[in-house]
Amino acid sequence: MMIRIENLSKTFTLHNQGGAVIPVMEGAELTVEKGECVALTGASGAGKSTLMRMIYGNYLAASGHIRVGGTDVAAADPREILQLRREVLGYVSQFLRVVPRVPVLDVVAEPLRTVGVPGERARRRAEELLRRLNVPETLWTLSPTTFSGGEQQRVNIARGFAHDYPALLLDEPTASLDARNRDVVLSLIEEAKARGAAIVGIFHDEAARDRVCDRVVDVTGFSPARAA
Ligand SMILES: Nc1ncnc2c1ncn2[C@@H]1O[C@H](COP(=O)(O)OP(=O)(O)OP(=O)(O)O)[C@@H](O)[C@H]1O
């Protein structure tokens, strides 16, 4: 088991609405084995993004456990969460957070450098991913600030797959990609599974979901309304 969520609950406190406390999740349970990819489903507002943010440690849990490898994210301090994100838990978001003036090659190689991979090897891995994702070589030395949406997304994916994270969160990884690059991303996901990564993702692209996901979990089942 790589990711195990136990009896997880979440409330939001609306400070601008008299401190109203809204329960959004209750008693959530989810286990993702090594090499398994689980898709979160449920209508808009059901809580897919909230669950992903909780696993990544962005949102605090009201109670319960979120075990990723040997760390309980629900109880970890910020330093432990940062270490987990560097080494164990990757997150491919929908959008690249562009750092001004950092060239594409460094953006992609950075997660590898952070875990101690030597410069030359990190650069070769970055080049390999950029080539596979059809990012033209003429762009590699530029900052992605001015890139198109699809180009930025491909840089983002290359960065997210540079280090072989044991656990991965994918937020609509094929959104805004053409058929050819969509296929490359699905292959990267399949390769990550084959080397044993545990993956949780949101896939609105149903054909993509059917191809790479082993299981679908509807987060509607985690909503407190059901228990009430
Ligand atoms: N920071 C927040 N403060 C208050 N309420 C929030 C916050 N984030 C999410 N919510 C509420 O929690 C519920 C779940 O939202 P979430 O974004 O997780 O849904 P989702 O399933 O990802 O939806 P979508 O498919 O539209 O992205 C919604 O009712 C939303 O309004």
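Student: What average pLDDT does the protein chain have, and what share of the residues score at least 70?

Tutor: pLDDT is the predictor's confidence in each residue, from 0 to 100. The protein chain here averages 95, and 98% of the residues score at least 70. This is a predicted model: local features need pLDDT of at least 70, side-chain atom pairs count only at pLDDT 80 or more, and totals for chains, interfaces and linings use all residues. Residues are numbered from 1 along each chain as its sequence is written.

Student: What ipTM and pTM does the predictor give the complex?

Tutor: An ipTM of 0.94 and a pTM of 0.94.

Student: Which residues surround the ligand?

Tutor: Start with the cut-off: a residue is near a molecule or strand if its C-beta atom, placed from the backbone, lies within 6 Å of it. Around the ligand stand F12, V24, G42, S44, G45, A46, G47, K48, S49 and T50. Helix α1 (residues 48-56) supplies the largest share of that shell, 3 residues. Helices (H or I, at least four residues) and strands (E, at least two) are DSSP runs, numbered from the N terminus.

Student: How do the residues of that shell divide into nonpolar, polar and charged?

Tutor: Ala, Val, Leu, Ile, Met, Phe, Trp, Tyr, Cys and Pro count as nonpolar, Asp, Glu, Lys and Arg as charged, and the others, Gly among them, as polar. The shell has 3 nonpolar, 6 polar and 1 charged.

Student: In what order do the strands of the open sheet run?

Tutor: Pairing comes first: two strands pair if DSSP finds at least two bridges between them. The open sheet has 5 strands, ordered β6-β7-β8-β3-β9, with parallel pairing. Its edge strands, β6 (89-92) and β9 (215-218), each pair on one side only. Direction ignored, neighbouring strands of this sheet are turned by 20° against each other on average. Such angles run from 0 to 180 degrees between N-to-C directions, and axes are lines fitted to C-alpha atoms, for helices over the stretch in contact.

Student: How many bridges join β7 to β8?

Tutor: Strand β7 (residues 167-171) and strand β8 (residues 198-202) run parallel, joined by 5 bridges. D171 stands opposite I202 in β8. Helix α6 (residues 179-194) lies across β3 (37-41), β7 and β8, at about 150° to β8. Contact means C-beta atoms, placed from the backbone, within 7 Å.

Student: Which strands pair with β4, and in what sense?

Tutor: Strand β1 (residues 3-14) pairs with β4 in the antiparallel sense over 5 bridges, with I3 opposite V68. Strand β5 (residues 71-72) also pairs with β4 in the antiparallel sense, over 2 bridges. There R67 stands opposite D72. β4 and β5 make a hairpin with 2 residues between them, and G69 in the turn has a positive phi of about 60°.

Student: Which residues of β4 form the covered face, and which the uncovered one?

Tutor: In β4 (residues 63-68), G64, I66 and V68 are covered, while S63, H65 and R67 are uncovered.

Student: What is the phi of N7, and is N7 buried or exposed?

Tutor: Most residues other than glycine have a negative phi. N7, in strand β1, has a positive phi near 45°. A residue is buried if 20 or more other C-beta atoms lie within 10 Å of its own, exposed if 12 or fewer, and partly exposed in between; C-beta atoms are placed from the backbone. N7 counts as exposed because it has 12 C-beta neighbours inside 10 Å.

Student: Where is N134?

Tutor: In the loop between α4 (119-132) and α5 (149-162). N134 has a positive phi of about 60° although it is not a glycine. N134 is partly exposed, with 14 other C-beta atoms within 10 Å.

Definitions and conventions. Contact = placed C-beta atoms within 7 Å.
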